[in-house]
Amino acid sequence: MTIDDAPRDALRGGPRELLRWVATGAAVSRADLSRLSGLSPSTVSQRVEALISQGLLEEAGAGRSRGGRRPRQLAVPTGGAVVGAIDLGAHHARVGALDLSGRVVQARTLPVRIEDGPEAVLGALLAEVATLVGSAPATGGSASGALRGIGIGIPGPVQHSTGRIVSPSRMPGWNGFDVAAFCADRVDVPVIVDNDANLMALGAHRTAHSELDHAVYIKAGTGIGSGVISSGRLHRGAQGSAGDISHCRVVADPAPPCTCGNAGCLEAVASGAALVTALREQGVPVSDLTGVIRLIDDGDRQATALARQAGRAVGEILAVVVNFFNPQVVAIGGRLADCEPLLASMRATLYERCLPLATQTLLIERVAAGQDVGITGAAHLVIDHVVASA
Ligand SMILES: [Zn+2]
């Protein structure tokens with residue numbers, strides 16, 4: 001074992017890992033878990049019993065007999081809508097009820113007016129979570145049932161230890177708002193708050209790349225941000241701002257002013273909001289990101305040029321990240337991820353600016369998990385919290 005392997009190895013056989021092996025189908029019995037973890041059968045049994053008593057695992061019928069008593073098969077309870085999730089965006093929110101395996105049971109997209117302020121917006125979304133969880137179909141004999149917690153993604157910086165929003169762009173009235181405390185007054189289950197890029201990273205990693213230890217996920221929509229998976233876990237840094245690339249400086253002439261007071265920030269050049277502003281300044285009557293994407297899809301010259309410039313800017317910052325962090329995969333999600341000119345110039349810049357050793361086996365992909373990736377990440381935040389406190 002190298003020193004680098006230590007953080008992952010220290011988790012070996014922990015309740016989270018046992019649960020993940022069952023959830024992914026790597027293990028279906030106590031014997032499988034014992035073999036995978038290297039733990040003694042009695043230790044595995046003890047941990048499995050604790051997870052069963054918490055309703056996090058269940059015994060799902062009998063396995064194949066080898067002559068003696070038939071081994072009982074383990075499974076993560078599925079079908080119960082026991083985790084609530086909110087993925088708040090600039091204009092819409094995806095709200096869902098998920099089961100303990102992170103599978104979406106019910107989900108809905110709602111229009112949101114962020115300028116209505118946090119009390120009105122979050123109040124309505126919490127009510128929607130309650131409706132979705134309450135109206136989910138009953139489960140077939142699952143040990144689950146009651147709501148275990150709610151995960152919330154915010155399109156702005158979140159101080160992880162407190163759940164407070166700090167200096168968000170384009171969220172008037174939300175600065176300093178304590179989302180966790182507001183929700184704690186209204187629901188009696190744990191509420192975990194994080195930024196939307198971290199939720200996308202967690203959702204995408206758990207669904208598409210759980211076998212990879214080091215990954216970077218860029219969320220490019222109205223705003224722009226990233227989430228970092230290091231040694232298999234979400235890396236938040238000291239305060240929760242790790243991966244926030246929105247105010248990194250890029251080469252741009254002229255350097256457009258940014259909401260933070262500086263000029264030439266990545267967000268002011270390459271975010272969806274920046275593309276809308278730049279097109280309007282060129283006299284193109286476009287009102288939102290949907291309009292920009294339509295113009296790019298139609299091959300509009302000005303919009304395509306701006307998308308290329310945005311891709312180069314993202315690639316420039318990403319090259320620094322890749323050289324510094326050496327991930328196995330870089331994946332881009334959010335509404336701009338489908339913009340071919342942006343993706344092509346991002347990829348070209350990345351290869352041009354990175355060390356060959358860093359890009360030799362680097363996967364550069366689109367986030368494949370679709371519109372539910374954020375709520376899936378939110379659910380996994382809650383599931384990890386429930387397992388850790390079990
Ligand atoms: Zn800025």
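Modeller: Here is a walk through the strands, followed by the helices around them.

Keep in mind that this is a predicted model, where local features need pLDDT of at least 70 and side-chain atom pairs count only at pLDDT 80 or more, while totals for chains, interfaces and linings use all residues. Residue numbers start from 1 along each chain, as its sequence is written. Helices (H or I, at least four residues) and strands (E, at least two) are DSSP runs, numbered from the N terminus.

Let's start with strand 6, residues 149-154. Is strand 6 buried or exposed? Six of its six residues are buried, so strand 6 is largely enclosed by the rest of the structure. Buried means that 20 or more other C-beta atoms, placed from the backbone, lie within 10 Å of the residue's own; 12 or fewer is exposed, and in between is partly exposed. Both faces of strand 6 are covered, with G149, G151 and G153 on one side and I150, I152 and I154 on the other.

Now for the partners of strand 6. Two strands pair if DSSP finds at least two bridges between them. Strand 3 (residues 83-88) pairs with strand 6 in the parallel sense over five bridges, and there I86 has I152 as its bridge partner. Strand 9 (residues 191-195) also pairs with strand 6 in the parallel sense, over five bridges. In strand 9, V193 stands opposite I152.

I86 turns up again in the largest nonpolar core, which has 112 residues: I86, Y217 and L318 touch the most other members. Such a core is a set of buried Ala, Val, Leu, Ile, Met, Phe, Trp, Tyr and Cys residues joined through C-beta atoms within 7 Å. Helix 11 (residues 301-325) gives the most to this core, eleven residues in all.

Next comes an open sheet of five strands, in the order 12-11-10-13-14, with mixed pairing. Which strands stand at the edges? Strand 12 and strand 14 (363-366) do, and each has a single partner strand, so one side of each has no neighbour in the sheet. Further in, strand 10 (residues 215-220) and strand 11 (residues 224-230) pair in the antiparallel sense over six bridges.

Leaving out residues up to four places away in sequence, Y217 touches A197, M200, A201, A204, S226, G227, A331, G333 and V367. Touching, or contact, means C-beta atoms, placed from the backbone, within 7 Å.

Several names from that list also come up where helix 7 (residues 196-208) and helix 14 (residues 373-389) pack together. Among the residues meeting there are M200, A201 and A204 in helix 7, and V373, G377 and L381 in helix 14.

Then look at helix 9, residues 272-281, whose buried residues are G272, A273, A274, L275, V276 and A278. Their cover includes helix 8, helix 10 (289-297) and helix 11.

Finally, find R249 in the loop between strand 12 (233-235) and helix 8 (266-270). R249 is partly exposed, with 17 other C-beta atoms within 10 Å. Not counting residues up to four places away in sequence, R249 touches G264 and C265. The C-alpha atoms of R249 and V216 are 19 Å apart, and the two residues are 33 residues apart along the chain.

Note on methods:
Axes are lines fitted to C-alpha atoms, for helices over the stretch in contact, and angles run from 0 to 180 degrees between N-to-C directions. Two residues are in contact if their C-beta atoms, placed from the backbone, lie within 7 Å.
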